[in-house]
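Open the model in your viewer and keep the selection panel at hand. The tour moves from one selection to the next.

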Amino acid sequence: MVMRSTPLPRMSRRGRVTIGVLIGVFVLFTLLGWGVNAWTDWLWFDEVRYTQVFTGVLATRLLLFLVVGVGLALIVAGNLWLAYRLRPRLRPHSAEQATLERYRALLSPRLGSWIALASAVVGLFAGLSAQSRWSQWLLFRNGGDFGVKDPEFGVDVGFYVFQLPFWRYLLGIGFTAVVLALLGALAVHYVFGGVRLQGVGDRMTNAARAHLSSLVAVFVLLKAVAYVLDRRAMLLEYNEGAKLYGAGYADVNALLPAKEILAWISVLVAVAIIVFSNAVMRNLVWPGISLALLGVSAVAIGGIYPWAVQTFEVKPSARDKEAPYIERSIKATRSAFGLTTTKTTPYAASNLVPPASLATDTSVVSNARLLDPQLVSETYTQLQQVRGFYDFGSKLDIDRYSVKDKTSDYVVGVREINYGELTDQQSNWINRHTVYTHGYGLVAAPANQVVCGGQPYFVSGFLGEKAQEACSSPTEEIPAQQPRIYYGERMEPNDYAIVGQTGDRNVEFDRPTSTGGEQYYTYTGEGGVEVGSFARRLLYAIKEQESNFLLSEAVNENSKLLYVRNPRDRVEKVAPFLTLDGDPYPAVVNGRVLWIIDGYTTAATYPYAERVNLQSETADELTGRGTFQLARENVNYIRNSVKATVDAYDGTVKLYSYDDTDPVLKAWNKAFGGDLVLPKGDIPAELAEHFRYPADLFKVQRNLLTKFHVTDPGDFYSGQDFWQVPNVPDAPDSGQKQPPYYLFTQFPGQDGPRFQLTSAVTPNGRQNLAALVSGSYVDGQPRLEVLELPDQTRISGPTQVHQQMTNNGDIRQQLNLLSSNQAQVQYGNLLSLPFADGMLYVEPVYVKSSSQDAYPLLQKVLLSYGDGGSYVVLANNLNDGIKQLVEQGKRAGSGTPPPATDDGDTPPPTGGNNTPPPLTGELADAAGKVQSAIAEVKAAQTSGDFERYGRALKALDDAMAAFQRAQAAANGSATPAGTTSPSAPASPAPSPSN
């Protein structure tokens, strides 16, 4: 009896044409969009003269797409075709086969087309996945040796960084190909009768069994290869026992041999599958048993045995068992993150009394920075904005300049166009893209000088030939021959500018003039893509989806298009293999304003090195406030290998090598022709003077040093000597870390003042000071230095110092007066400065009024010396504060208690008799309570219990108030000149006011 299958309905001709047209339109617009983007990208890369990056990346992506996509498609197609060719000619009759007959009738006439379609889809997705691995392939091809061998296998680190990631990717491709081929072949065998679920006889033909078992055997062989690679990859895994990365005791002594055994078992199982399935028993029983044994072996040998070793052998004596492997991790981490040359110097900080040399110092005190780049950005904007669309950003930058033969810190900012601040009338297409095209000037002010009631003393970036404000330098002290800013941090991706005019007509707004008028300008730089021809105008009209490129007369034959105008974006596009620092900064170099961006080469496969997340490690109070947040990238190797510059006028990008020994940079440079990155010797001397230790690298290194300054494995395992980065001193409950700060200063052991990035760290779980970490350049080489305080130091950390200074009774009253009338008191960077075997703390105090358009003004300076609380002053300026500290030190040395003085006032007269009369009655009782309260404050501070400390301060305030009331009652509301009053501590110890 012949069973007839019901034919499937066929689509009408009109339906097929409609679908074809829709698909064609979709493909056309997709290709058009891709083509426009590719062409405009080529033009942009041609403008910046880095076409080798464009062609190199594009060619590599196309190559990987084709090779992997076509390869995977051929493997799948070959197995589908083979499964069809191995179909049985005769199939037993059954309901199952009757059901499948209709599918065979559909597939058989156009089987080649169906196979090609399925393979093409697989190849398309495989190719799209492969082309994203272009960076791995380029490193695989061009990587070399590190000259460092791993401690377990003796293999060069270059294998792990350059080779292993791509080998593991290829292995994944192999698994994918085999699994897809197996599933596809199984489906074809089933449809065409090679595999049956019903009916009499064998469930699988010999041909189908041979085909499918061979694919399973290949899969198992790939598993053997995976076990071999896993042995190497174990040096990258997390060691739970030691809480570090890299193979530990159980891994090396149990899991490592287990992986080798499992690799050999996998080979034997693969052979058994082939033999038992096709040559001996010709069934799937023994192959199935072999696979089951492999699974059991993987669980027992690769899982249970290492677990038993870890649980019963390692855990009872983990400190000793893991010690060699902890040492490996310490050495690898310090090497991978550039910590091996860190210089650690003990610093006793035993001097608690302000020395007289504070008043005469010229290296530390005179260079103490008072302007906070985050706070004074508002001040810059209000005083130097001139027009509402100019902006300096939410954070300024710190750099150093030599002016009048003196090198000092300067707070610098660029007067940029902020397109978001244009009015509605100014925001039309013509104005936005052809009139308001650029900013003007790099504005700088000395970081340790204020004038006119707390304003910065501006020395550059003036809009006229001379400064108009009386509170600024009369002339440009940091002159820029070309001050115009066409490329800046405020530029968004859609903020393109069209420049260039015919004739003598200037249309670009340049700057306001001193007479109240406006000056206009025409761009003359080399940067920009020419868009004068109709083809170019059409091209960019499509790209920007803007018809004005074709219709507006503002676009003429001399026009150029400036786009990708953010300096960080430009460098990222030119060097996509670099991780860029989040804080680009401007500098005047040879009369031009340049943006300087630090570039990092990174890796995530350095054996035994600690792995960190760049985003979390670099986040602090300033993240997102003028600094860019780094991507969530896990790395265990980093080098500041590149210093990049972007010309603020014409957008020229240059990449300079700053670490010629970095193997990763060498590989990338080789991948793009060998001349992508200029050698270190080509760096202009004037540019090198403005290089600074990069902030994000310093944060990563500082955070790692909080643990990896401990080099003894036993001490590391105990973790008792670990440090931590303190929170922001004036907002410790925010959970935000205190940012490092740039200073031009001299630390103990240094030959002279140098520009360095510094940060304080505290013991883990405590608030006192543990060490100071600094990063700087010496003779063009990076140098990390650590000043380490004794373990049981009395010196307070940043958070404690801020609380002790601001909770001082007299200082708190003055701060309250500053914040009267709804004014806001803001605190600048709390500087921790080692000086004369002690610690000097400087914290500027700003006041911002409640009026509209108010800006912070530096009004006071908090200073402390010693343990943070014994000697505290709140002065009008740094010089006055230093004098008061020195005076307090002199009085302490002579045994004379310092007088309670208001800032700038002289001590109250004491008369001829210096011996005060004894206190009696209620006054004596009140004085006794004050002294008891002072003792409790000291005890609470020593205990580190902040809740107790707060209660003690409240009790001290109450006791002081009671004493003052008793004084008023006993003396008619006036304190006699010779009356003794108890000294309230600045917290925690008794100290003079100011």
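Which salt bridge do the side chains of Asp 647 and Arg 592 form, and at what N to O distance? Select both: the side chains meet in a salt bridge at 2.6 Å, N to O. This pair links distant parts of the chain, with Asp 647 in strand β23 (residues 637-647) and Arg 592 in strand β20 (residues 592-603), 55 residues apart. Colour by accessibility next. Asp 647 is buried, with a relative accessible area of 7%. Arg 592 is partly exposed, at 29%. Keep in mind that this is a predicted model.

Now select Lys 395, Asp 397, Asp 583 and Arg 692. Salt bridges with shared partners join these four into one network. Arg 692 lies over the face of Tyr 585, at 3.9 Å from the ring centre. For another charge over a ring, select Lys 643 and Tyr 658. Here Lys 643 lies over the face of Tyr 658, 5.1 Å from the ring centre.

Widen the view. The whole structure holds 29 salt bridges. One of them joins the side chains of Asp 41 and Lys 573, 3.3 Å from N to O. Asp 41 lies in helix α1 (residues 13-48) and Lys 573 in helix α16 (residues 567-574), so the bridge ties together parts that are 532 residues apart in sequence. Are the two partners buried or partly exposed? Asp 41 is partly exposed, with a relative accessible area of 23%. Lys 573 is also partly exposed, at 27%.

**A three-stranded sheet**

Switch to cartoon view. Select β13, β17 and β16, in that order. The three strands form an open, antiparallel sheet. Which strands stand at the edges? They are β13 (497-499) and β16 (529-530); each has a single partner strand, so one side of each is left without a neighbour in the sheet. Three bridges join β13 to β17 (residues 560-562), and the two run antiparallel.

**The nonpolar cores**

Show side chains again. The largest nonpolar core has 204 residues, and Leu 655 and Leu 840 touch the most other members. Helix α6 (residues 157-191) gives the most to this core, with 16 residues. A further core of 25 residues lies apart from it; its members include Ala 760, Leu 772, Leu 787 and Val 825.

Return to Leu 840 and show its contacts. What does Leu 840 touch, leaving aside neighbours within four places in sequence? Its contacts include Leu 358, Val 365, Leu 831, Leu 863, Tyr 865, Ile 882 and Leu 885. Ser 832 and Ser 864 are also among them.

**Aromatic rings**

Finish with the rings. There are 42 aromatic pairs. Select Phe 708 and Phe 716: this pair is tilted, 5.1 Å centre to centre, with 45° between the planes. Both residues, Phe 708 and Phe 716, are buried. For the last stop, select Trp 137, Phe 140, Phe 166, Trp 167 and Tyr 169. These form one aromatic cluster.

How values were computed: Residues are numbered from 1 along each chain as its sequence is written. This is a predicted model: local features need pLDDT of at least 70, side-chain atom pairs count only at pLDDT 80 or more; totals for chains, interfaces and linings use all residues. Side-chain values use heavy atoms; hydrogens and water are left out. A nonpolar core is a set of buried Ala, Val, Leu, Ile, Met, Phe, Trp, Tyr and Cys residues joined through side-chain atoms within 4.5 Å. Buried means under 20% relative accessible area, exposed over 50%, partly exposed in between (1.4 Å probe, protein chains only). Helices (H or I, at least four residues) and strands (E, at least two) are DSSP runs, numbered from the N terminus. Contact means heavy atoms within 4.5 Å. Rings of Phe, Tyr and Trp (its six-membered ring) pair if their centres lie within 6.5 Å; planes under 30 degrees apart count as stacked, over 60 as edge-to-face and the rest as tilted. A charge sits over a ring if NZ of Lys or CZ of Arg is within 6 Å of the ring centre and within 35 degrees of the ring normal. Two strands pair if DSSP finds at least two bridges between them.
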